[in-house]
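Please keep the sequence and the model open while you go through the points.

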Amino acid sequence: MAHVSDLIADDIEQYLHLHQHKGLLRFITCGSVDDGKSTLIGRLLYESQMLFEDHLAALQADSRRWGTQGEEIDFALLVDGLAAEREQGITIDVAYRFFSTDRRKFIVADTPGHEQYTRNMVTGASTADVAILMVDARKGILTQTRRHSYLVSLLGIRAIVVAINKMDLVDYSEPVYRRIREDYEAFARQIGVEAVTFIPVSAFKGDNIVSPSPNMDWYRGPTLMGYLETVEIDEDRMQAAPLRLPVQWVNRPNLDFRGYAGTLAGGVVRPGDRIRVQPSGKESTVARIVTRDGDLEQAVAGQSVTLTLTDEIDISRGDMISAAREPAGTADQFETTLIWMHDEPLLPGRQYLLKLGTRTVTASVTTIKYQVNVNTLEHTAAKKLELNAIGVCNISLDRPVAFDPYTDNRDTGGFILIDRLSNNTVAAGLIHFALRRSQNIHLQPVDINQEAHARLKGQRPCVLWFTGLSGAGKSTIANLVEKKLHAEGRHTYLLDGDNIRHGLNKDLGFTDADRVENIRRVGEVARLMVDAGLIVLTAFISPFRSERQMARELLKDGEFLEIFVDTPLEAAEARDPKGLYRKARRGELKNFTGIDSPYERPESPEIHVDTTRMTPEAAADLIVEHIRNGGYLAP
Amino acid sequence: MTLTHLQRLEAESIHIMREVAAEADNPVMLYSVGKDSAVMLHLAMKAFHPSVPPFPLLHVDTRWKFREMYAFRDRMARELGLDLLVHINPDGVEKDINPFTHGSAIHTDIMKTEALKQALTHYGFDVAFGGARRDEEKSRAKERVFSFRTAQHRWDPKNQRPELWKLYNARKHPGESIRVFPLSNWTELDIWQYIHLENIPIVPLYFSAMRPVVERNGTLIMVDDDRMPLNPGETPMLRSVRFRTLGCYPLTGAVESTADTLPAIIQEMLLTRTSERQGRVIDHDSAASMEKKKQEGYF
């Protein structure tokens with residue numbers, strides 16, 4: 001009964017004073033319902049008296065109705081009351097529970113469910129100081145124990161407890177405990193997990209949960225609650241790390257005050273400390289730590305603060321304030337581990353938003369080096385990452401960011417990827433290190449630039465990006481447009497899908513991943529040609545909105561004209577100039593756009609050509625007219 | 001230097017509020033005048049000091065709150081120099097919706113749920129802070145800090161985003177909105193301890209005093225004004241009572257108590273162990289009521 005001390009009744013003021021100085025520990029429990037995880041959490045809540053009478057009454061009623069423990073209270077029902085939600089198809093990912101003792105407040109991340117296990121565990125583990133791995137004493141170390149251990153160590157949890165549960169069902173046997181312990185230790189060495197504590201318990205009977213079990217006098221270690229109350233908290237360790245303050249919000253109430261607000265991700269800060277702003281590299285000195293209750297003499301990792309500096313320098317949200325002597329790294333290419341969290345797979349080359357600390361940038365995966373099998377820890381080659389897959393990937397950003405390796409600092413080395421169209425969070429990422437080439441490759445400035453090339457040709461270069469179904473008429477219309485421009489003496493070049501696939505892109509197939517890479521390369525080639533002053537015509541199905549958007553963003557505003565050659569599937573299929581639809585329908589051609597691969601219609605193309613109402617000749621005239629009116633043909 | 005649990009909770013809440021201030025186009029803080037709102041407001045004052053919070057307060061008023069709540073609300077806005085918006089559902093006023101004639105379910109639906117949606121749409125708020133906590137109720141335990149709503153203000157439980165580390169994804173399409181709960185990880189005890197530690201002003205109704213009440217279905221209801229119809233033979237009696245949660249006075253049960261200081265309230269809470277939502281008539285309407293209300297747009 002850790003929570004109810006006599007102090008509450010006798011001296012509430014003294015009780016409150018004690019409780020104001022409690023720390024906070026976050027932990028995650030790993031294991032399936034069969035291992036007794038829910039029973040354990042229920043038991044911890046019960047023992048710490050965090051159950052209210054009405055909850056308890058409901059629990060007793062539920063235990064009689066649903067419980068599996070006869071007349072006794074089934075603690076699992078406390079946290080498993082999610083059956084209704086499962087029926088409704090609600091995704092249960094992470095549920096958070098709270099209890100406290102005289103020494104600490106606890107936040108438990110409980111991750112039920114099997115299908116989404118990796119995604120859920122990673123989410124819960126990202127903020128946990130401690131992981132409790134549940135092992136059934138009758139079954140010993142299972143594949144899932146290994147999987148949980150790997151994920152927990154991947155996410156940087158340093159304190160791991162292996163709770164060997166259901167000891168009551170193996171007669172509280174010490175040899176059983178020892179064997180499981182030895183098995184686990186052998187495995188832990190393989191994956192580099194240190195500092196493991198083994199506690200034999202019975203969550204159902206209460207052995208070694210709060211008080212030492214009289215049934216296991218051979219065990220001399222801490223009880224589970226005793227361990228949780230005393231284990232070192234990660235945030236304390238972070239105070240010893242170098243100063244890191246990702247700037248969240250610039251506080252400017254008036255012209256005389258300029259403060260930088262954020263949550264300290266590492267170290268300690270005091271007025272007078274020399275700091276460096278990253279990635280700009282400018283240095284200054286901390287003037288004040290401002291709070292509503294007066295200035296502070298110091299602030300530590302984990303606190304949300306507002307700093308002012310002695311110099312007026314340009315700092316905005318997304319910058320990092322670091323210790324001048326121990327600054328963070330800055331780079332735009334990294335090796336990372338990605339944990340994929342969405343139904344739509346990761347495609348290399350596709351652009352995502354990356355949020356690291358308070359900075360959001362554009363990023364794409366350049367290489368998937370390998371995928372990790374979470375059960376066997378084997379490395380396998382992969383072209384994409386599916387939901388719950390874990391891969392080691394190189395990633396490239398559109399500008400440099402300040403960072404630390406994830407193993408040094410979870411808050412400055414952990415990031416999420418966001419899909420640009422759906423806005424979903426699709427991945428969690430852990431930075432390993434900056435790729436050396438990102439520090440050594442610089443853009444070479446040239447004297448004869450795009451403007452000079454264009455001036456000589458007397459035109460404004462641009463890309464006419466034709467998109468539409470196979471057989472829609474893209475190549476036919478593009479060819480006519482090019483002839484008309486050529487006849488006027490314009491400098492043009494037509495990049496045609498089929499032709500490019502015979503040369504530059506002959507190594508690519510038609511999977512989603514290859515289609516993305518196909519379009520990325522075409523986009524880059526078109527950009528070089530625009531740089532050379534040409535009017536570039538491209539005729540590719542380019543079925544995905546995000547890749548067309550990627551190509552658009554390679555160019556300056558106004559240089560990319562999307563032309564939607566709009567032909568209904570039935571019409572294109574009826575034409576079938578290359579006989580491809582027939583092949584696809586017979587199942588001889590996989591991943592064919594419109595049949596078994598999607599085409600995402602442009603939402604607002606610059607030019608919309610409806611081929612059911614217009615001949616190719618008329619369409620070509622319309623396009624030439626459009627670019628003439630747009631001033632592209634003027635010198 | 002080890003941070004206490006209250007310091008860490010405070011830092012987390014402030015972090016969440018600043019993240020919203022930085023990323024939202026037009027945020028608002030829902031202010032219900034209760035103790036959780038008091039803590040949320042206090043944290044906002046800290047988060048943006050020396051600026052005032054860069055968003056207004058919105059009180060969705062049902063016209064049936066306790067009189068002391070209105071007085072307290074107006075005083076807080078005035079003293080802190082904050083912009084306070086009050087919205088009352090005009091359709092409900094026209095039909096004279098009230099808890100006595102229409103019952104708690106209809107009253108809550110029209111004057112709270114519908115009214116809130118009206119106000120958010122009317123002002124075009126894209127992010128709204130709410131004071132809900134995960135420990136209040138089982139279905140909230142899995143609620144995100146950033147909870148997404150469709151353009152129709154519906155909560156789609158299948159379409160919520162994972163929240164890792166301190167990273168919140170606040171991106172949304174036009175018309176969509178986000179409810180943000182900065183007090184997600186606070187418990188009732190944390191709230192009271194923090195109020196005590198920080199001397200946060202709260203509505204006096206939380207402290208016990210002699211108040212006129214009648215007993216209905218085992219619940220003590222305070223007769224706060226003369227709009228309350230008394231049943232035959234029912235006479236208000238003066239009892240020493242206080243409130244553990246505040247809402248519409250006809251729907252809020254009082255508890256008999258002599259606790260008239262914060263330590264006494266906390267002591268009472270720790271010794272009498274019934275959860276705070278017991279005092280809310282609205283929760284008893286149907287078993288899965290909270291989940292359903294949430295999908296419909298109730299906080």
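**Notes on the model**

1. Start with Lys46(B). Lys46(B) is buried, at a relative accessible area of 12%. The cut-offs are these: buried means under 20% relative accessible area, exposed over 50%, and partly exposed in between (1.4 Å probe, protein chains only). A salt bridge is a side-chain nitrogen of Lys or Arg within 4 Å of a carboxyl oxygen of Asp or Glu.

2. A word on the ground rules. This is a predicted model, in which local features need pLDDT of at least 70 and side-chain atom pairs count only at pLDDT 80 or more, while totals for chains, interfaces and linings use all residues. Residues are numbered from 1 along each chain as its sequence is written, chains are lettered from A and ligands numbered from 1 in the order in which they are written, and side-chain values use heavy atoms, with hydrogens and water left out.

3. How confident is the predictor in chain A? The average pLDDT of chain A is 86, and 89% of the residues score at least 70. pLDDT is the predictor's confidence in each residue, from 0 to 100. Residues 83–91 of chain A stay under 50, and the model gives them 15 contacts beyond four places in sequence. Contact means heavy atoms within 4.5 Å. Where pLDDT is low, the predicted coordinates should not be read in detail.

4. Now the interface. Chain A brings 92 residues to the contact and chain B brings 71 residues. Together they bury about 7,100 Å², with 55% of it on carbon and sulfur atoms. Buried area is the accessible area (1.4 Å probe) that two parts lose on being put together, summed over both. In chain A, Gln20(A), Trp249(A) and Arg292(A) lose the most area to chain B, together 11% of what that side buries.

5. Which charged pairs cross over? The rule finds 8 salt bridges across the interface of chain A and chain B. The pair from point 1 joins two chains, because Lys46(B) lies in helix H2 (residues 35–48) of chain B and Asp293(A) in the loop between strand E12 (283–289) and strand E13 (299–300) of chain A. Helices (H or I, at least four residues) and strands (E, at least two) are DSSP runs, numbered from the N terminus.

6. Other salt bridges deserve a look. Over all chains the count comes to 61. Glu283(A) pairs with Arg276(A), their closest N and O atoms being 3.1 Å apart. Glu283(A) is partly exposed at 31%, and Arg276(A) is partly exposed at 26%. In helix H14 (residues 450–457) of chain A, Arg455(A) and Glu451(A) sit 4 residues apart, about one turn of the helix. Their side chains meet in a salt bridge (3.8 Å, N to O). Both Arg455(A) and Glu451(A) are exposed. Salt bridges that share partners also join Asp136(A), Arg138(A), Lys139(A) and Lys166(A) into one network.

7. Finish with Gln278(A). Gln278(A) lies in strand E11 (residues 274–278) of chain A. Is Gln278(A) buried or exposed? Gln278(A) is buried, with a relative accessible area of 4%. Leaving aside neighbours within four places in sequence, Gln278(A) is in contact with several residues, including Asp319(A), Met320(A), Ala328(A) and Ala402(A).
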